[in-house]
Amino acid sequence: MPDRQTPPEVDRVAASRRAVAARRERAALKRDVTMRVITPQELLRRALADPAAPAGAMRVTEFLTSIPAIGEGKRDRILAELGISPVKRLGGLGARQRRALERFLDDRFPEQEPRGGRSSLVVLAGPTAVGKGTVATYIKEHHPEILLSVSATTRAPRPGEVDGEHYYFVDDAEFDRMIAGGELLEYATVHNKFRYGTPRGPIMKALEQGRTVLLEIDLQGARQVRAAEPSATLVFLLPPSWDELVQRLVGRGTEGPEERARRLRTAKVELAAQNEFDYRVVNDNVASAAQEVVELAQAPARPLSRA
Ligand code: 5GP
């Protein structure tokens, strides 16, 4: 005789599959916070919006330790201070506990207020493999009113690349000459290999004509532009999730394990720099990410006092 209290085998299998899937989703969300793809506040917002969703089912203990800089000791002190029991799940927090947690996060890990939108010189940067090039090309094709800067580089052209259109392909001596002549707004050695730089002349001319100029450059270059032109608008392109970035980075399967590990380490360091930027745009869809960048680029200049 079957026992009435025990659910049939099929139900138990389905339930355990669902539990495994939910655990996996929670783990992915924790990685997103650890890698700074989303802020802790964003995860909390998702949990409160839908307590039954994976974010809502996450324990406060797991949530806190996913934040870089919070270990288990610190976590327990924080929970005691906020008056939150360690067995609580994010979706089950009471109103007072929510507010206490939100205040704590805003105080310790402030979400960045946009500072920019001040100049029509726009820099698009982001971690390796996030799709900066694709977004920039999309903008170039759909918004001819925006000038996409053509960089100089010492690397050789790839098949299909045209000199003067994709890059100015130059040798080391020519690159040195451009630096010495003050012709580059910024330049950097990328991936420890070749040099890349932004020619200053065409950009200044376009800006004088009132055009918007877009630079798709690496992080070192973005920092130099910020230093040279503090009013530039810096946009950081984010992957939809850490797992998605890993997929894009390693998905091609063309790199060995060492190169893959190196790229992942680089991406992690790059993501940690996002707070230096004025805006963050998530690249979950090329057309809509491009549209967001264009809107930020064409937003009316704001007075500096609001910066
Ligand atoms: P690729 O060789 O694949 O075309 O580009 C490699 C990297 O160089 C990309 O991350 C791109 O953002 C960066 N890059 C391209 N042009 C410039 C530039 O003018 N300055 C800097 N700093 N980085 C650049």
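Good morning. A nitrogen atom of the ligand stands 2.7 Å from an N or O atom in the side chain of Glu 186. What I present is a predicted model, in which local features need pLDDT of at least 70 and side-chain atom pairs count only at pLDDT 80 or more, while totals for chains, interfaces and linings use all residues. Residues are numbered from 1 along each chain as its sequence is written, and side-chain values use heavy atoms, with hydrogens and water left out.

Let me stay with the ligand. An oxygen atom of the ligand is 2.4 Å from an N or O atom in the side chain of Tyr 196. Glu 216 places a polar side-chain atom 2.6 Å from an oxygen atom of the ligand. By itself the ligand exposes 510 Å², and the protein buries 87% of that area; accessible areas come from the Shrake-Rupley method with a 1.4 Å probe, and for residues only the protein chains shown count as cover.

Helices (H or I, at least four residues) and strands (E, at least two) are DSSP runs, numbered from the N terminus.

I turn now to Arg 155. This residue sits in the loop between β3 (151-153) and β4 (167-169). Is Arg 155 buried or exposed? Arg 155 counts as buried because its relative accessible area is 7%, where buried means under 20%, exposed over 50%, and partly exposed in between (1.4 Å probe, protein chains only). Its side chain makes a polar contact of 2.8 Å with the side chain of Glu 161, and another of 3.4 Å with the side chain of Tyr 196. A polar contact is a pair of N or O atoms within 3.5 Å; within protein, one must be able to donate a hydrogen and the other to accept it, and residues adjacent in sequence count only if both atoms are side-chain atoms.

The whole structure holds one cavity of 30 Å³ or more. Thr 128, His 191, Arg 262, Arg 263 and Thr 266 line the largest cavity, and by class they are three polar and two charged, with no nonpolar residue. On a 1 Å grid over the protein atoms alone, a cavity is a set of points where a 1.4 Å probe fits but cannot get out, and a pocket is an open set with protein on both sides within 12 Å along at least five of seven lines; lining residues have an atom within 4 Å of a point.

The second largest pocket is lined by 18 residues, and Arg 36, Thr 39, Pro 40, Phe 109 and Asn 275 are the closest to its centre.

Finally, the backbone. Most residues other than glycine have a negative phi. Arg 36, however, has a positive phi of about 65°. Arg 36 lies in the loop between α1 (9-34) and α2 (40-49) and is partly exposed, at 38% relative accessible area. Thank you.

Note on methods:
Grid points are joined across faces, edges and corners, and a volume is the space filled by probe spheres set on the points. Ala, Val, Leu, Ile, Met, Phe, Trp, Tyr, Cys and Pro count as nonpolar, Asp, Glu, Lys and Arg as charged, and the others, Gly among them, as polar.
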